[in-house]
Amino acid sequence: MNLRRGSNGTAFWAEPSDRESGRPGFKLGDGSRVAVIGGGPAGSLFSYYHLSLAETAGLELELDLYEPRDFLSPTPTACNMCGGIISETLVQNFATDGINLPATVNQRGIEAYVLHMDGSRVRIETPVQEKRIGSVYRGTGPRKLDIEKKTWKSFDGHLQQLAIDRGAQPIRAKVADVTWRDGLPGLAVKGGETEVYDLVTVAVGVNSPALELFEHEPLHYELPTTTKTFIREYYLGEAAIEHRLGNAMHVFLLNIPGLEFAAIIPKLNCATVCLLGDRIDKKVFESFLESPEVQSCMPPEWQIAEFDCNCSPRMNVQGAPRPFGDRIVFIGDSGVTRLYKDGIGAAYRTAKAAARTAVFAGISAKDFERHYWPTCRAIKNDNAIGHLVFSVSGQIQK
């Protein structure tokens, strides 16, 4: 054991790193190199916490953040294909960790949920009407909006900048190849040389082709189970949003075959429509938008065909069976996430748990199984209850 001293002067005992001990092992030490693939919430938060904890532990690390997209760019490529809801718990956790979201990032405070069923609705208020649940844009917003008049910022861009300010080195390129050399993972971008790392953290979404790079030897990573989604942005104007939707997230449990879950999320002057279900197609989507329950939420002059942005990403509904290995860990959507809700919160939980494990415990598969896997297992157990609830609600709808 070595006596180390953290950045605040506190002394503590720590295992010697691989480089210090001169033996093969799974400990990070001064000069260790870490790669993070994916600069969305999971990757940016891991980078931020990993570098913060390393500083506390007195470690000087190098961290490369591979993300080809610029989430602050005023183009559709900056979008990260998500409804964009931040839970109350996440807002509180951020505040505890010293991360305060500026007003330019939080589009609208959500003070209630409105549950729409066939012919009826129920309004569920948040505790003491606090607006700590927020709606955000993962990119810079729909294409139709005047870029020069935008006063808000991308949520993903904000987190990415926090990681860069903490010391992450951004690499604006896609990882094209993954190799292993003497037990160490190596990454290469298209046309570039292989960079060898002590630890690789995979934080890409389930729609990324980069995950296929890890399905082969020696890891044999298994992809998460996914379902279809359909997301659209409608520009309604701030006055219409306030009058028709208000500060509430509207959730729909309608008897439409193929539709498992649907919601309309109000932003500042746009509404995000999210549908989930493995059999979603154009017919299901139009049936939903034409339903009386949806029509009652929208302005009279609203037209279904007049949307501003549109995407159909896959969504994780059952996590990877084993989201870790020696010197590699999968977080966020590539590992496990919450069923149909709070994906950003799950990214936060898995990112922080993986960062803490890597800095203070080690980077072997056994280390991740002992210290990181319990966080994943807790989310999986919560999802099991969620699957049961949706199964029961489906029978009630019938």
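Strand 17 (residues 261-266) and strand 18 (residues 270-276) form a hairpin with three residues between them. Helices (H or I, at least four residues) and strands (E, at least two) are DSSP runs, numbered from the N terminus. This is a predicted model, in which local features need pLDDT of at least 70, side-chain atom pairs count only at pLDDT 80 or more, and totals for chains, interfaces and linings use all residues. Residues are numbered from 1 along each chain as its sequence is written, and side-chain values use heavy atoms, with hydrogens and water left out.

**Pairing of strand 18**
- Two strands pair if DSSP finds at least two bridges between them.
- Strand 17 pairs with strand 18 in the antiparallel sense over six bridges, and Pro266 stands opposite Ala271.
- Strand 15 (residues 225-235) also runs antiparallel to strand 18, joined by seven bridges; here Tyr235 stands opposite Cys270.

**Burial of strand 18**
- Seven of the seven residues of strand 18 are buried, meaning under 20% relative accessible area (1.4 Å probe, protein chains only).
- In a regular strand the side chains alternate between the two faces of the sheet.
- Cys270, Thr272, Cys274 and Leu276 point one way from strand 18, whereas Ala271, Val273 and Leu275 point the other way.

**Nonpolar cores**
- A nonpolar core is a set of buried Ala, Val, Leu, Ile, Met, Phe, Trp, Tyr and Cys residues joined through side-chain atoms within 4.5 Å.
- The largest such core has 48 residues, and Phe46 and Tyr372 are among those with the most contacts inside it.
- Helix 8 (343-360) supplies the largest share of this core, 10 residues.
- A second, separate core of 24 residues includes Tyr234 and Phe252.

Methods: Buried means under 20% relative accessible area, exposed over 50%, partly exposed in between (1.4 Å probe, protein chains only).
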